[in-house]
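Here is a short briefing to read alongside the model.

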Amino acid sequence: MTSRISFSKMIRNDIKRRVWLFAILLLVFIITGPISLLIMAENLKTYTYGQEFYNSMAAFFNLNYLRDLPILFFSGVIVGLSGFSYVFSKRKVDLYHSLPIKREKLFIAQYASGLIMYVVALLVKFISCIIISVAGGYLTKTAVTNIMSSYTGELIHFLFIYNVMILAVMLTGSLLASVLGFIAANAVYPVYSFCISYLMGYCYVTKADATALVEKVPYFSPFASVATYMMTQNDSGAKASALVIHNIFVFIIAVLCIIGAYYLYKIRRSESALRTIAFDISKPIIRIPIVILGGIVGGTAVLVSANKFMTSWVWIGIIVGVVTTHALCEASFNNDYKSAFKNWKQLMICLVATVGIFGIIFVDLFGYDKYIPNRNKIEAATVVLPLDYDISYNEIKEVNGSGQVVTYYSDRDEYMYKRAFTNPEIIDVVYAFSKLGVQYVDDMKENRKNNNAGHNEVYEHSPDELRTLSPSDLYILDEEAKGSDTLEYKVYFKLASGKEVKRVYYVDKNEAKKLFKAIYDKKEFKRAHYDIYDAYEKDIFTNVEVYDAFSERQVQLSGDEGKELLSIYLDELENAKFEDICEIPIASISPKYLSIWNYQEGLGGYYIYPSFKKTLSYMKNLGTNMDNMVSIPDALKVDSIQVSAYDYVHYKETDESMYVYGLMYLEDNPEDKEMIDLICKNTKLYGLTWSNDILYDKENRVEISIYYRMNNGIQQSATAYFDAGAVPNELKNDIIEWAAANPSY
C-alpha cells in the first residue's frame with residue numbers, strides 16, 4: 001500500500017505526541033547547561049582569578065561522569081522506548097501497521113522524530129552556553145575546542161545508546177525484557193573482558209599489561225564507550241586525534257545497530273508482543289554467550305576469594321555459574337520455570353566451552369609466558385628497569401605566555417613504552433633481557449603456586465611463656481636462609497605488524513645486573529629513562545636546589561648559575577656508568593619550575609653520587625657546605641642510635657619471627673659510646689637510596705636510626721644500614737638479649 005501521508009507530517013505528529021519528552025529533555029539540558037555554567041562562574045570568581053579561572057571555565061564544557069553520563073543514558077533509553085514501545089502490544093502493532101504507511105517509512109519517522117527532539121534540546125544547551133560564555137568573556141580557544149568535542153561526542157554516543165535501545169526493543173517482546181537486554185548489551189562485553197584479563201593475570205606470570213580488552217577497544221559496549229570517551233577528553237595528555245578515531249568507530253557500530261533494528265522491525269510479527277524474546281532463532285545466540293559468561297564469573301569469583309592457586313572449588317564455581325545462568329535464561333525466555341533445563345545439550349556445550357577457556361589459560365596452551373617475538377620482526381623495544389622509583393614522570397604539555405608549565409602525569413611504564421628504541425644495539429640488549437626472563441618462567445610459576453598454597457599457621461602464646469624467654473630460645477636467621485634474591489623488570493617490543501608485546505620477569509638479581517650495565521651505560525637509554533632531559537630541553541627551570549643526606553637544603557641557585565649547575569649535572573648523569581649509581585648517593589638535586597597554579601614545583605628522584613666530581617666541585621667553589629654530603633655517619637656528632645630488626649630474630653620452638661624496636665644507645669653512656677663507634681664504622685647512610693634500593697647489597701632487616709646533636713634547635717636524624725653480613729657480633733648479641741627481654745611477635 002502506497003502512503004499518502006507526508007513524511008514530514010508524520011514526524012511532526014510524533015513529536016506532538018511526545019512533546020512531554022521534549023519538554024523533559026529541554027529542562028534537563030537547561031539545568032545542566034546554562035544554569036550550571038552560571039552557578040559555576042559565580043562560585044569560581046570567589047576564589048580563582050586570571051588563567052586559573054579561564055581554565056576552570058573551559059573544563060566545564062568537557063563531558064562529566066556525574067553530570068552527563070546519567071543524562072546521556074536516560075535520554076537514549078527514554079527516547080528509544082517512547083518511540084517504539086507500541087511493539088510490546090499486539091493491538092497497537094496491528095493498529096499502527098493498518099495505517100496506509102509502509103513499515104519502513106513508519107520506522108524511519110519514529111526514529112527521526114526522537115533524534116530531532118534530542119538534537120534540538122542539545123543545541124539549545126550548547127548555544128545558550130556559548131552566548132553566556134561570550135557575555136562573560138570566558139569563551140577561550142580551549143573552551144571552543146571543548147564545546148565542539150563535547151557536542152560531537154555527546155551526539156554520537158546518544159546515537160549509539162539510542163540505536164542499541166531500539167535494537168533491544170526489536171529483539172524482545174516486553175518492556176522489562178528490553179530494558180534487561182539493553183543492560184546486557186552494556187555489561188556483557190566489559191564483564192567478559194575484565195574476567196578474562198583477571199584470569200590471564202592470575203595464570204600468566206609474565207603478564208605485564210593489566211589493561212582489559214574493553215579499556216583498549218570499548219566500542220562494543222555503550223557504557224564502556226561513553227566512559228572511555230569522557231576519560232580521554234578529560235586526560236590532559238591525550239591526543240585530540242584519539243577522540244576523532246573513537247567517534248568514528250562508535251558511529252560505525254551505531255549505524256550497524258540501527259540497520260539490524262530496521263531489518264528486525266521489517267520481519268517482526270505482531271505475535272511477538274509479550275514474549276520475552278521476539279525471535280526463537282535468536283535465543284541460543286543470546287543465551288550461549290551469557291551462560292558461558294556466567295560460568296566464567298563463577299570460576300573467577302572463586303579465584304578472587306580463594307587463597308590457594310587454582311583450587312578445585314574453581315571448577316565447582318564454573319559448574320554452578322553455568323547451570324544457574326542457563327536455568328535463569330531458559331525460564332525467562334520461555335516464561336516457564338519448568339523449561340529451565342530444556343536445552344540440556346546446549347548447557348553441556350556451554351559447560352565444556354567454559355572449562356576449556358579456563359583450561360587453555362591455566363596450562364598456557366599457546367605458550368604466552370615463554371613467547372619471545374622473532375628478532376627480525378621487532379621494530380622497536382625498551383626495558384623498564386626497577387631503578388629511580390622517586391622519579392614522578394610528569395611530562396611537559398605546554399608552557400604558556402606567563403612561563404607557567406602545564407604538566408600531566410605519565411605512567412612509568414607507558415613513558416618508556418612511548419620512547420621505545422629503534423637502535424639495533426639496544427634492541428639486542430632488550431632481547432637478551434627477554435631471553436633471560438624466559439629462563440625463570442618455571443621458577444616464577446612455582447613460586448606463585450607456593451605463595452598461594454593456602455597454608456595459614458596460627459601461633460598462640462600465653463603471657464607466662466612470653467615472660468620466660470631467654471636468649472637461648474632465639475636465633476638469628478642468616479642470609480642464605482632468606483632464599484633467592486630476585487628483581488623485577490619489564491620488556492616491551494613493537495613489531496613491524498604493529499603488534500605490541502609486554503612482559504614482566506622476576507629473575508636472579510646478579511644475573512640481571514649484568515644486563516643492567518649493558519643498557520644503562522648507553523647515553524640514549526638514560527635520555528629516555530630520565531624525564532629531566534625533556535624538561536631541560538624545553539628550558540622550563542627557574543632555579544635549582546640541592547639537599548644533603550640529612551634533607552637540609554644546601555644550594556639554591558637561579559639564573560646562569562642554576563643553569564650551569566644543572567648543565568654540569570646532566571652531562572655527568574648522561575655519561576655515568578652503572579657502577580656509579582651503585583654507589584651511595586650523597587645529595588639530591590631538584591630543579592624547580594613555575595606550575596600552572598603559579599607556585600614552584602620540582603622534579604625529584606635525581607641524586608648526586610661521589611663520582612660526580614664536576615658537580616661537587618662546582619658547588620664547593622660556590623661555598624656550599626659539603627660536611628653532610630657523606631655516606632658514612634660521623635660518630636663524633638651522634639647523640640643516640642636506635643636499632644630496629646624485622647624478621648631477623650626467630651623463636652626456635654615455632655620458628656616465628658620476633659619484632660625488635662626500641663633498642664637504644666646513648667652517647668653519654670660509656671658502654672653505649674663504644675657500640676655507637678662500632679655501628680658508625682660499619683654502617684652507611686641509606687637515606688637517599690630507596691629509589692635504587694635493588695642495587696645495594698645490604699642487611700635491610702636491621703635498621704639503624706641515627707640521631708645527631710641539636711643543630712640550631714632542630715635535631716637531625718638519618719637512616720643507616722649494614723652491608724649484607726656486616727652486622728657486628730656484639731650488636732647481634734644485644735639484639736637477641738633485647739628480643740628475649742621484650743618479646744613481641
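**Helix α10 and its surroundings**

The buried residues of α10 pack against α4 (68-84), α7 (141-171), α8 (175-203), α9 (213-216) and α11 (240-267). Here, contact means heavy atoms within 4.5 Å, and buried means under 20% relative accessible area, with exposed over 50% and partly exposed in between (1.4 Å probe, protein chains only). Helices (H or I, at least four residues) and strands (E, at least two) are DSSP runs, numbered from the N terminus.

Some ground rules before we go on. This is a predicted model, in which local features need pLDDT of at least 70 and side-chain atom pairs count only at pLDDT 80 or more, while totals for chains, interfaces and linings use all residues. Residues are numbered from 1 along each chain as its sequence is written, and side-chain values use heavy atoms, with hydrogens and water left out.

**More on α10**

- Ten of the twelve residues of α10 are buried, so the helix is largely enclosed by the rest of the structure.
- Those buried residues are P222, A224, S225, V226, A227, T228, Y229, M230, T232 and Q233.
- The length of α10 (residues 222-233) agrees with expectation: at 1.5 Å a residue its twelve residues should span 16 Å, and its end C-alpha atoms are 16 Å apart. The expected span of a helix is 1.5 Å times one less than its number of residues.

**The whole protein**

- There are 26 helices and 16 strands in the protein.
- The C-alpha trace spans about 110 × 65 × 60 Å along its principal axes.
- Of the 745 residues, 48% count as buried.
- Among contacts with a separation of 6 or more, 76% come from residues 24 or more positions apart.
- The protein has 72 positive and 82 negative charges, and their mean positions are 18 Å apart. Lys and Arg count as positive and Asp and Glu as negative, while His and the chain ends are not counted. Each charge is placed at NZ of Lys, CZ of Arg, CG of Asp or CD of Glu.

**Aromatic pairs**

- The structure holds 40 aromatic pairs. Rings of Phe, Tyr and Trp (its six-membered ring) pair if their centres lie within 6.5 Å; planes under 30 degrees apart count as stacked, over 60 as edge-to-face and the rest as tilted.
- F433 and Y489 make an edge-to-face pair, because their ring centres are 4.9 Å apart and their planes stand at 75 degrees. This pair links distant parts of the chain, with F433 in helix α16 (residues 424-439) and Y489 in strand β5 (residues 486-495), 56 residues apart.
- Both partners are covered: F433 counts as buried at 0% relative accessibility, and Y489 counts as buried at 1%.
- Y530 and Y606 form a tilted pair, since their ring centres are 5.6 Å apart and their planes are at 50 degrees. Here too, distant parts of the chain are linked: Y530 is in the loop between α20 (523-529) and α21, Y606 is in the loop between β10 (600-602) and β11 (607-608), and the two are 76 residues apart.
- Y530 and Y606 are buried.
- One aromatic cluster is formed by F421, F433, Y489, Y505, F516, Y520, F525 and F578.

**Positive phi angles in loops**

- D539 is not a glycine, yet has a positive phi of about 55 degrees. D539 sits in the loop between α21 (532-537) and β7 (541-548) and counts as exposed at 53% relative accessibility.
- S551, also not a glycine, has a positive phi of about 65 degrees. S551 lies in the loop between β7 and β8 (553-558) and is exposed, with a relative accessible area of 58%.

- V169 is in helix α7 and counts as buried at 0% relative accessibility. Leaving aside neighbours within four places in sequence, V169 is in contact with L81, F84, V87, F88, S178 and R268.
- V169 and Y219 are 50 residues apart in sequence, and 20 Å apart in space from C-alpha to C-alpha.
- S595 is in the loop between β9 (587-594) and β10 and counts as buried at 2% relative accessibility. Not counting residues up to four places away in sequence, S595 touches Q404, V405 and E601.
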